[in-house]
Amino acid sequence: MGDLGHELWFGVGPEPRADGPARLVDVAVLAEEAGLDLVALQDHPYQPRHLDALTALGQIGARTERIRLLPNVANLPLRPPQVLAKAVASLDVLTGGRVELGLGAGFFWDAVASYGGSRRSPKEAVDAVAEAIDVIRLLWTPGGPVSYDGVHYRLDGALPGPFPAHETGIWVGAYRPRLLEVTGARADGWIPSKGYVTREELPRLSRIVDEAAQGRTIRKAFNVSGSFDPRGAGWFEGPPELWAEQLAELVLDLGMSVFVLGTSDERQIKVFAAEVAPRVRELVAAERPAPAPPVATVIDDASRPRSVKRDVASLSPRQREIGNRLVLIHDHLRQELARIGDAVEQVARGRAEAAAVRSMINDLTMRQNYWTLGSFCASYCRVLTAHHSIEDAHMFPGLVAAEASLAPVIRRLEEEHEVIAEILTGLDAALVAMVTEPSGLDEVRRRAATLTEALLSHLAYEEEELVEPLSRLELDV
């Protein structure tokens, strides 16, 4: 699989040394100031020279405003998924939705055992990751008590929550075929590292993930290290332009989109941010198809005609009540619009949760969710269209007849009704397509967001221009 079209993220992975905590946070702040997207910390709880990764990420989150945070990767044998789910969700809430969860099966088993962790066979380690993903998703899904009866992990009427502030991804560090298959089938992302895979091996491992994903597009990250030696010519051993070409190749050929440079060196961070990342974006943009045209003409507030405003304070309470009827109708439409957004996000969460169960049940559950969402949106579209039709046929002509100066505003409102109708038609088509092709959820989300932006702007403009004349002229809504 080639380029997946994901937004490109570039980050830094400094060593979380306990003998330099201030330096660690300063590196993260520097990365944010330099324009990087991500700070990732390795997680080796048994390593005495390292700070606890999640605690350190919390401090970094408190000192930064924008940059994303990633445990890279959380040591599952020493971090029960029940508690890990709570810790990561808490950090995501505290940082305003900036956390992704990197998850690792475990590798240094002697060190894990020295801390009292289970020494797992390769099969047991993979099974534990699969169960952990199930458990974390259950605890991140709003609802009643949940139970889970796995070999490695159990829940018995556990109450979910807290919930992440955004749709936090679960990315797995994997190299062996079976864990790669679990990653593709159940996780949201894959994180290999240059130190554990060769340039020649990487495409084969990526194909295993893609085949297991069965059409799902998951994030692919890559932990990279090397030098910016101007005389070098190797894999990530050379000038920034060579790095950019090699990273762009990983984007376009393998679908990778997140790159974490393992370093605490200020100079390397600045070169990566100022020279490598922008050049990769340029090279990838040159190969990607042109962006799809907007769903409909964006409603431009600056070009809207405005009427002369009068003081509503001079109107009687009865007159003001007439104009407020329009606001009450619009408030109902706003509430329903918010419910559509919530329904879309619930389906998105349902898709993620469904990856933990059998594929046949997956499909049935997703279809039911999609049909329910489609029915809900279709009902809303009918209500909204009816509202606009009533305005066009009755309210608008009455306003223009009573006050001719409102004609430019009315014409613009009628034009915006057509724009919104086009958006609704596109949303309806996307919902129909999603029933047979679940990967179309992203298109539904995009069109729902367009509807939200356009309709909220339209309703506000209509209220600004019409509430006062409707009240003053005592025209019924």
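Predicted model: local features only at pLDDT ≥ 70, side-chain atom pairs only at ≥ 80, totals over all residues.
I started with helix α3 (residues 81–94) and helix α5 (residues 122–139), whose axes come within 9 Å and cross at roughly 45°. Axes here are lines fitted to C-alpha atoms, for helices over the stretch in contact, with angles running from 0 to 180 degrees between N-to-C directions. Helices (H or I, at least four residues) and strands (E, at least two) are DSSP runs, numbered from the N terminus. So α3 and α5 are oblique to each other (under 35 degrees is roughly parallel, over 145 roughly antiparallel, 65 to 115 roughly perpendicular, the rest oblique).

Residues are numbered from 1 along each chain as its sequence is written, and side-chain values use heavy atoms, leaving out hydrogens and water.

Next I looked up L138, which lies in helix α5. L138 is buried, at 15% relative accessible area (buried is under 20%, exposed over 50%, partly exposed in between; 1.4 Å probe, protein chains only).

Then I turned to helix α8 (residues 240–254) and helix α9 (residues 266–287): their axes come within 8 Å and cross at roughly 45°. That makes α8 oblique to α9, and α8 passes α9 in a right-handed crossing.

On to salt bridges (a side-chain nitrogen of Lys or Arg within 4 Å of a carboxyl oxygen of Asp or Glu). My search of the whole structure gave 35.

I picked out E403 and R472, whose side chains meet in a salt bridge at 2.9 Å, N to O. E403 is in the loop between α11 (359–402) and α12 (407–436) and R472 is in helix α13 (residues 441–473), so the pair ties together parts 69 residues apart in sequence. E403 is buried at 12%, whereas R472 is partly exposed at 22%.

R472 also meets E468 in a salt bridge, at 2.7 Å, N to O. Both sit in helix α13, four residues apart, about one turn of the helix. E468 counts as buried, at 9% relative accessibility.

Last, I checked D301 and R306, which form a salt bridge at 2.8 Å, N to O. D301 is partly exposed at 39%, and R306 is partly exposed at 38%.

Methods:
Left-handed = near helix turned anticlockwise from the far one by under 90°.
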